[in-house]
Amino acid sequence: MKKFFMLTVVSLTLVLATAGTVFATEYKVGELTISDVWSRASPSVAKAGAVYMTITNNGAMMDMISGIKTSMAGKAMVHESKMVDGVMKMEHAMHVMIKPGEALTMEPGGFHVMLMKLTGELTDGTSFPLTIEFKNAGSVELTVNVKKK
Amino acid sequence: MIFRALFLVGLMTLTAYVGYKGWKMYEFNQLTSQERANILVATPIEGKYSLTDHNGQRVTEQTYSGRHTLIFFGYTWCPDVCPTLLTDIAFIMDELGEASDKVVPLFISVDPERDTVSVLKEYVGEFHPGIVGLTGSLDDVAAAAKSFRVGYGKVVMDPADPEDYSMSHSADLFLMGPDGKPVKQYRFGVDAEALVKDIQAVLTDG
Ligand SMILES: [Cu+2]
């Protein structure tokens, strides 16, 4: 019986651990859902960073990112890393649209919120607030989790 | 009764967990066609360089002869691609275990104006102690990049703030043999687990 009990404890721990990763925080603003908000942990000497997230538009209208603010950076804007003739280039994405019924995935090597003039360190396991504003849906404050991967 | 219920829940979870892990293993063995396409037999590059390592020592490709080198070009102000690759390289080194002794990862700066020896040392060291940062004069870096056929350039994003420029650069990862000759070339986007597998295969084949 004791053995079963231990097994149960171990299993329940696993459930909780799995649930933690699967049911991560989701934010809703208007018809938009924002999930998987994270930033890569970087060395303390790093001068720039990137935030990734997935924005899903459940509505019938196009929406657009109109502003980003965070205490972590002097400047924050959406960039896109693009492969052009075998060279990775970063471009300022001026009008980032989130089409109805579609999702905008920001992930390494593609769209990202570029953090310039970092005001703090992107230390693994910490988090910081970031406010993202949409043209239609309005603005929402997100908690960005800093992690290695 | 309660124990029994808990046990059942536990058992179900365990089954789900094992299933999930199994699926992950399967996925790992199934490279996407995109990933397959991104693993190349090395292009015929010379791969020569004469640079300064993050301890201030002059180095060339001969410095590392007898070991494989895993080389890519980037810069420390890079927010997205370089930290991603450096994290992957740290993962690869850890996964290689003892075999990582046979591999030296080199991060060559394409931005020597900002990437001084001391900045580089602190930067790469926080990803993995085995990674070596290389920098040099503008000419040194240009010569190295040319020898790897790597393109790069300065991009001023905001004309009002020209100091906060970014660098465009090739994001290929080069695996060089113990003789300094190119063995493999990986395009950006190959999964780190696939890289481990491919590099392991190269190391075992000699
Ligand atoms: Cu950027």
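A residue counts as exposed when its relative accessible area is over 50%, as buried when that area is under 20%, and as partly exposed in between. Keep those cut-offs at hand; this is a predicted model.

**Stop 1: a loop glycine in chain B**

Select B:Gly66. It sits in the loop between strand E3 (58-60) and strand E4 (68-74) of chain B. Is B:Gly66 buried or exposed? Its relative accessible area is 59%, so B:Gly66 is exposed. B:Gly66 and B:Lys102 are 36 residues apart in sequence, yet their C-alpha atoms are 8.0 Å apart in space.

**Stop 2: chain B as a whole**

Colour chain B by secondary structure. Of the 206 residues in chain B, 50% are buried. Look at the contacts between residues at least 6 apart in sequence: in chain B, 71% of them join residues at least 24 apart.

**Stop 3: a salt bridge inside chain B**

Select B:Asp198 and B:Lys184. They form a salt bridge, with the closest N and O atoms 3.0 Å apart. B:Asp198 belongs to helix H6 (residues 192-205) of chain B, and B:Lys184 to strand E10 (residues 182-186); the pair links distant parts of the chain, 14 residues apart. Check accessibility at both ends. B:Asp198 has 16% relative accessibility and therefore counts as buried. B:Lys184, at 18%, counts as buried too.

**Stop 4: the face between the chains**

Show both chains and select the residues in contact.

Turn to polar pairs. Between chain B and chain A there are nine residue pairs in polar contact, both residues at pLDDT 80 or more. Next, highlight the elements on the chain B side.

**Stop 5: charges across the interface**

Side chains of opposite charge can pair when their charged atoms come close. How many salt bridges run between chain B and chain A? The count is four. Over all chains, the whole structure holds twelve.

Select B:Asp161 and A:Lys75. Their closest N and O atoms are 3.8 Å apart, and they form a salt bridge. Then move to B:Asp164 and A:Lys117, another salt bridge, with the closest N and O atoms 3.5 Å apart. This pair crosses between chains: B:Asp164 is in the loop between strand E7 (152-155) and E8 of chain B, while A:Lys117 is in strand E9 of chain A. The two ends differ in accessibility. B:Asp164 is at 10%, so it counts as buried. A:Lys117 is partly exposed, at 42%.

**Stop 6: a salt bridge within chain A**

Select A:Lys28 and A:Glu26. Their side chains meet in a salt bridge, 3.9 Å from N to O. A:Lys28 is at 62% relative accessibility, so it counts as exposed.

**Stop 7: the copper ion**

Finish on the metal. Which residues coordinate the copper ion? Select A:His79, A:Met90, A:His112 and A:Met114. The donor atoms are ND1 of A:His79, SD of A:Met90, NE2 of A:His112 and SD of A:Met114, at 2.2 to 2.5 Å. Angles among the four donor atoms run from 91 to 120 degrees, and the site is tetrahedral. Along the chain, the donors follow the spacing H-x10-M-x21-H-x1-M.

A:Met90 lies in strand E6 (residues 87-92) of chain A and A:His112 in strand E9 (residues 111-118), so the pair ties together parts that are 22 residues apart in sequence. A:Met90 is at 9% relative accessibility and counts as buried. A:His112 is buried as well, at 0%.

Definitions and conventions. Residues are numbered from 1 along each chain as its sequence is written. Chains are lettered from A and ligands numbered from 1 in the order in which they are written. This is a predicted model: local features need pLDDT of at least 70, side-chain atom pairs count only at pLDDT 80 or more; totals for chains, interfaces and linings use all residues. Side-chain values use heavy atoms; hydrogens and water are left out. Donors are N, O and S atoms within 2.8 Å of the metal (3.2 Å for Na, K and Ca); water is not among the atoms, so sites may look incomplete. Four donors count as tetrahedral if all angles lie between 85 and 135 degrees; four count as square planar and six as octahedral if opposite donors are over 155 degrees apart and all others between 65 and 115; anything else is irregular. Helices (H or I, at least four residues) and strands (E, at least two) are DSSP runs, numbered from the N terminus. Buried means under 20% relative accessible area, exposed over 50%, partly exposed in between (1.4 Å probe, protein chains only). A polar contact is a pair of N or O atoms within 3.5 Å; within protein, one must be able to donate a hydrogen and the other to accept it, and residues adjacent in sequence count only if both atoms are side-chain atoms. Contact means heavy atoms within 4.5 Å.
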